[in-house]
Amino acid sequence: MNKLFTFGKYLKKKFKTKVKKVPISIPGFTCPNIDGTVARGGCVFCENESFSPNFQKEKFTLNLYSTENPLLQKQLKSLKSQFFNTVPLLKKYYGAKKFIVYFQSFTNTYAPFSTLKTLYEKALSFPEVIGISIGTRTDSITDETLEYLAWLSKKHEIWIEYGIQTSNNETLKRINRGHDFENVIKTINKTKNMKLNVCGHLIFGLPGETQKDMLKSVEDSINLNIDSIKFHPLYVTNNTLLANDYKKGKFIPITEEEYIDTLIKAIKMLPNHISIQRMTAGTKNLLAPNWCKNKSTQLSHIHKALKKAGIKL
Ligand code: SF4
């Protein structure tokens, strides 16, 4: 890739107008890697309630195996208020005219099918919404949900965002991911066979990884025929297992120089049809690395490096 193909450009070309994603966090949603179904505690970098001494699996009633959802009305209300609070800002600051509802926090396919269907359909019913994007894990999506999303995709823009993080099984174990790369391959192949759009999420700077490992993950993700990609550096936040390792000197975060160098190499590897949804990320409660504190500074350094590398913005 020698010209940056962002997700914004992809959407503009397809819908002939400015489209923005509206991030949503559904109350009551959790993750099988936190509640004990797959593992407890979550990925080492995940900030979650399982660190609380009062944490109990029973607290979360919503999982794939539940049949009832007493929280549904609350979830619908919250979805609606988050959407209508965010949209005016996206219109004002970005001139957005159409929207994709982005189910972002936790595992957004880890709930009874009837709950998922109700929430997705509600999101699609909002004005100026052209689609939905669903963040999830490759071990937490049923065939029933995939088939339903494939049916929805005939009329709407549907994206599934899978956390790949790395293709290295040793690292996946080290970060307590709860599944291996074979699971990623199996689920993404199935999703692509249903002609759904897939965005893969990769993290650079995972414990024990060299640049070679990180670029291998990029190559392996490209080979899965994904349509879009997100990159970000591994940062340490409070209340994570990684924070303990960092404080004990057992984990050293990636430097800005290495991150940007890896990112540029990764972007150069991408075929022209894979859009880029994210080149870095910001976070609250940051402990390290310090250079991740300011997202706009990070982006300005990345843009400079892209220009230097001959990649047009
Ligand atoms: S999959 Fe996501 S929500 Fe679940 S533990 Fe890992 S980072 Fe947290």
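What orientation do helix 9 and helix 10 have to each other?

Analyst: This is a predicted model, in which local features need pLDDT of at least 70, side-chain atom pairs count only at pLDDT 80 or more, and totals for chains, interfaces and linings use all residues. Residues are numbered from 1 along each chain as its sequence is written.

The axes of helix 9 and helix 10 (residues 295–308) come within 10 Å and cross at roughly 50 degrees. Helix 9 and helix 10 are therefore oblique to each other; angles under 35 degrees count as roughly parallel, over 145 as roughly antiparallel, 65 to 115 as roughly perpendicular and the rest as oblique. Their crossing is right-handed. Glu256, Ile260, Leu263 and Ile264 of helix 9 make the contact with His301, Ile302, Ala305 and Leu306 of helix 10, where contact requires C-beta atoms, placed from the backbone, to lie within 7 Å. By class, this contact has six nonpolar, one polar and one charged residues.

Helix 9 (residues 256–269) also packs with helix 7 (residues 211–222): their axes come within 10 Å and cross at roughly 30 degrees. That angle makes helix 7 roughly parallel to helix 9, and the crossing of this pair is right-handed. On helix 7, Gln211, Met214, Leu215, Val218, Glu219 and Ile222 take part, meeting Glu258, Thr262, Lys265, Ala266 and Met269 in helix 9. By class, the contact of helix 7 with helix 9 has six nonpolar, two polar and three charged residues.

Definitions and conventions
Axes fitted to C-alpha atoms, helices over the stretch in contact; angles between N-to-C directions. Helix = DSSP H or I, 4+ residues; strand = E, 2+ residues; numbered from the N terminus. Left-handed = near helix turned anticlockwise from the far one by under 90°. Contact = placed C-beta atoms within 7 Å. Nonpolar A, V, L, I, M, F, W, Y, C, P; charged D, E, K, R; others polar.
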